[in-house]
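Reader: I'm new to this one and keep running into labels. Could you walk me through where they come from?

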Amino acid sequence: MDKRNLAFGRVNFILLAFGMIVVILGFILMSGPGSTEEQFNSDIFSNMRIKVAPVVCFLGFASMVYAIIYRTKDNPVDESNKEANPKNIISQNKK
């Protein structure tokens, strides 16, 4: 398969995988034993489950958005769209 037909590059997939791992880590931090009707478990309201884990999940989702938006510097702009740019049309008419 031609590399130019792929929507993302290798770096994008690595960043997406990193973000997914961070999100999974956040969900693991949120998990734990629950309370039953007979016994109340105060660990449900710990700082780890209420504050830290959601922040870790949010950072993971934010890094995944960044991975989708990220464009490497060596990827050129599509040549077919380059001709349709009005600035290029004007510069071509001046030649």
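Reader: Why is Asp43 called partly exposed?

Author: Keep in mind that this is a predicted model. The relative accessible area of Asp43 is 33%.

Reader: What makes Arg49 and Asp43 a salt bridge?

Author: Their closest N and O atoms are 3.8 Å apart. The cut-off is within 4 Å, so the pair qualifies. By this rule the count comes to one salt bridge.

Reader: And is Arg49 buried or exposed?

Author: Buried: Arg49 has 14% relative accessibility, and the label needs under 20%.

Reader: Why is the aromatic pair of Tyr66 and Tyr70 called tilted?

Author: The structure holds three aromatic pairs. In the one formed by Tyr66 and Tyr70, the centres are 5.7 Å apart and the planes are at 50°. Stacked needs under 30 degrees and edge-to-face over 60, so this pair counts as tilted. Tyr66, at 48% relative accessibility, is partly exposed, and so is Tyr70, at 29%.

Reader: How do you know that the buried residues of α1 line one face?

Author: The buried residues in α1 are Asn12, Leu16, Gly19, Val22, Val23 and Gly26. Looking down the helix axis, they fall within an arc of 125°, so they line one face. Part of what covers them is α2 (47–69).

Reader: What does the face of α1 turned away from its buried side carry?

Author: That face has the exposed residues Arg10, Phe18, Ile21 and Ile28.

Key: Residues numbered from 1 in each chain as written. Predicted model: local features only at pLDDT ≥ 70, side-chain atom pairs only at ≥ 80, totals over all residues. Heavy atoms only, no water. Salt bridge = Lys/Arg side-chain N within 4 Å of Asp/Glu carboxyl O. Buried < 20%, exposed > 50% of the residue type's maximum accessible area, 1.4 Å probe, protein only. Phe/Tyr/Trp six-rings, centres within 6.5 Å; stacked < 30°, edge-to-face > 60°. Helix = DSSP H or I, 4+ residues; strand = E, 2+ residues; numbered from the N terminus. Arc of directions from axis to C-beta. Contact = heavy atoms within 4.5 Å.
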